[in-house]
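Here is a short tour of one protein chain, from a single residue up to the whole. Keep the model open beside you as you read.

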Amino acid sequence: MFFYNQLGIVIAVAFFSVVLYDISYKVEENRCGMTWMYEQPEFIKLTMPSVVQHEFAKYSLFIYGEGSYATYLKNMQGKYKLDGVPVLFVHGNGGSYKQVRSLGSVSLRKSEKSVYHFNYFSVDFKEELSALYGPFLYRQTKFLQHAITQIFNCYSHLPLSLRPTSIIAVGHSMGGVVIRGLYTLSSFNASLINTIISLATPQKEAPLFLDNFIYEFYHEVNNYWIRESNGKLFNTTFLSIAGGFRDHLVRSDLCFIKTLNKNQRYSLTTSIPHIWRSTDHQCIVWCNELVRALTRCFFKMIVFKTKQVSKSHNRRLKVFDSIFFNADLKHSAPRNNCVSIQVENTMSSFYANKSCFHLYSINGHGIILLSEGSLSEWVLLCDNSACVFPYYTFPTHKKSSFYFYVNSSVTILDGSNEVFVQAYDKTNFLSVNIPFLFIEEKLFHFQKSFFIKINLIGFIETWQAYKLTFNNNYSFQATVGLFSPFTSDIEYFLLNGSESISLKLFKGKPYNKYYDKHVYLMIWSKNISSINVRIQPDFVAIFGQIFKFNYAKILRITILFCILKSLAEFSKLGQFNVFQSTLFVVSLTLLMLSTKLLFKF
């Protein structure tokens with residue numbers, strides 16, 4: 001019996017050690033740029049009504065400023081007369097109101113060259129651990145309603161036609177759940193917030209249910225959003241952004257909000273054009289590439305006449321789609337004097353010397369383009385009436401070059417760089433059976449090409465993790481995209497030489513749904529003549545995936561096992577003293593609670 005006890009302890013220690021290694025060391029490099037403040041950031045506290053201050057003595061509301069703008073705000077001496085676009089930032093579990101400074105600073109710099117400007121507000125919840133204690137969520141939600149009322153009071157001096165009628169709300173982590181919780185309050189007017197952006201927010205469920213209040217809060221909020229998705233929430237433009245595998249605190253699949261409203265969006269930072277990188281839980285707030293994308297989004301939603309956010313949710317949604325999903329934006333019709341070029345299924349190139357070129361694929365397949373110059377508006381999809389941007393754009397190792405995937409014809413306007421093209425032909429489609437325990441290695445030969453598609457047959461579960469290596473004799477630089485049909489998520493890798501790529505899924509194949517497509521890789525490189533693909537199970541990452549998607553159950557089972565083991569030791573003593581009896585009662589109570597949590601959630 002002693003041997004088995006020791007063996008169980010060794011296995012448990014080994015398992016958690018491997019998981020800790022996977023989380024701590026097998027992490028993608030942080031490729032986000034830092035967002036800097038160019039002047040001294042200052043946070044000016046707004047005075048709340050005495051009744052609110054008495055009820056929520058710990059909480060505060062601040063407005064963000066820098067340099068001369070901060071001096072301008074302080075000179076108002078509490079009687080604020082603002083005329084910008086209000087944006088409210090809500091921090092999350094253990095967060096700080098000062099996290100608004102990245103968004104606020106970039107917006108201030110951009111407003112210097114624009115006729116619009118934004119007023120950034122931030123609430124201070126005194127770093128409360130709202131993810132661990134449910135009553136904090138209810139209290140923060142109520143204060144947030146008072147904060148919004150106070151924000152609108154800052155614009156009461158403006159004519160009715162110029163006053164903001166709604167605000168933009170940005171929530172980080174649990175702050176995004178608190179914003180959604182506002183709508184469940186009977187006294188809250190849903191039109192006061194027309195745009196919500198949540199960053200790394202566990203929308204689906206809390207990472208841990210440590211009390212029944214958290215469970216009830218999520219249950220109430222999610223049911224309301226499903227019930228009212230086409231009712232009171234129909235005009236609410238919503239975007240949830242997840243950070244990818246670098247975020248170990250909130251899994252990306254938890255950021256997906258299940259509603260019946262098609263006007264709500266979900267994306268990964270790895271899928272957003274010109275970001276294409278994973279962020280950890282704190283980095284997502286200050287990642288310069290994402291902050292700039294959000295700022296561009298806010299400015300594009302402004303109506304020139306009112307200098308406020310557009311009341312049309314269709315317009316706001318189009319702005320979301322154009323910036324975060326590369327959706328189509330209309331442009332003028334093409335010229336008639338374009339040079340026609342037929343694209344074959346082997347790579348070729350030409351120089352777009354400020355002329356108009358029309359490319360077409362005779363087999364009707366798509367076309368892949370590689371721009372060696374800067375990404376501009378000269379690559380457009382055109383028909384007889386209008387032009388739009390290409391839907392799919394991919395990064396390369398060079399900051400100023402990009403791959404485009406377009407339909408069977410494309411018109412290039414005013415290009416000035418060398419362009420490589422190739423038809424998207426099925427001869428470049430491959431299939432590899434995903435191994436269970438052993439290594440799968442295949443060698444493929446191609447004609448001159450710069451893209452390959454590899455179907456990964458059998459890659460359907462979140463616990464699966466594989467190491468993919470391209471063994472080639474020549475210097476191999478490539479862009480690799482991992483596409484999953486189970487979600488709209490895309491993860492990009494920039495590969496150098498024989499580096500390995502870790503393949504993992506955020507969401508597995510649903511058991512009750514049929515998919516006729518497989519998870520697949522798209523590989524783009526300047527010239528691929530042959531490629532040696534080596535796929536093998538990554539057992540360290542497998543243990544990490546099992547823990548990430550089942551950590552709550554694993555921890556509860558571990559606690560349950562420890563309690564049962566303690567009770568077994570107590571039973572050997574025969575007769576308990578007062579201390580042992582008390583400890584026995586406490587252990588039995590924890591056993592009952594642990595069992596309840598284990599089967600309830």
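Is I167 buried or exposed? This is a predicted model, and in it I167 has 1% relative accessibility, so the residue counts as buried, the cut-off being under 20%.

I167 sits in strand β5, which covers residues 167-172. Leaving aside residues up to four places away in sequence, I167 touches P86, L88, I148, I151, F152, L192, I193, N194 and T195.

Now for a pair of helices. The axes of α6 and α7 come within 10 Å and cross at roughly 60 degrees, which means that α6 is oblique to α7. The crossing of these two helices is left-handed. By class, their contact has 6 nonpolar, 2 polar and 1 charged residues. The table shows who meets whom.

| Helix | Range | Residues in the contact |
|---|---|---|
| α6 | residues 174-181 | M174, V177, R180 and G181 |
| α7 | residues 212-227 | F217, Y218, V221, N222 and W225 |

The protein chain has 12 helices and 27 strands. Of its 601 residues, 53% are buried.

Note on methods
Residues are numbered from 1 along each chain as its sequence is written. This is a predicted model: local features need pLDDT of at least 70, side-chain atom pairs count only at pLDDT 80 or more; totals for chains, interfaces and linings use all residues. Side-chain values use heavy atoms; hydrogens and water are left out. Axes are lines fitted to C-alpha atoms, for helices over the stretch in contact, and angles run from 0 to 180 degrees between N-to-C directions. Helices (H or I, at least four residues) and strands (E, at least two) are DSSP runs, numbered from the N terminus. Angles under 35 degrees count as roughly parallel, over 145 as roughly antiparallel, 65 to 115 as roughly perpendicular and the rest as oblique. A crossing is left-handed if the near helix is turned anticlockwise from the far one by less than a right angle, and right-handed if clockwise. Contact means heavy atoms within 4.5 Å. Ala, Val, Leu, Ile, Met, Phe, Trp, Tyr, Cys and Pro count as nonpolar, Asp, Glu, Lys and Arg as charged, and the others, Gly among them, as polar. Buried means under 20% relative accessible area, exposed over 50%, partly exposed in between (1.4 Å probe, protein chains only).
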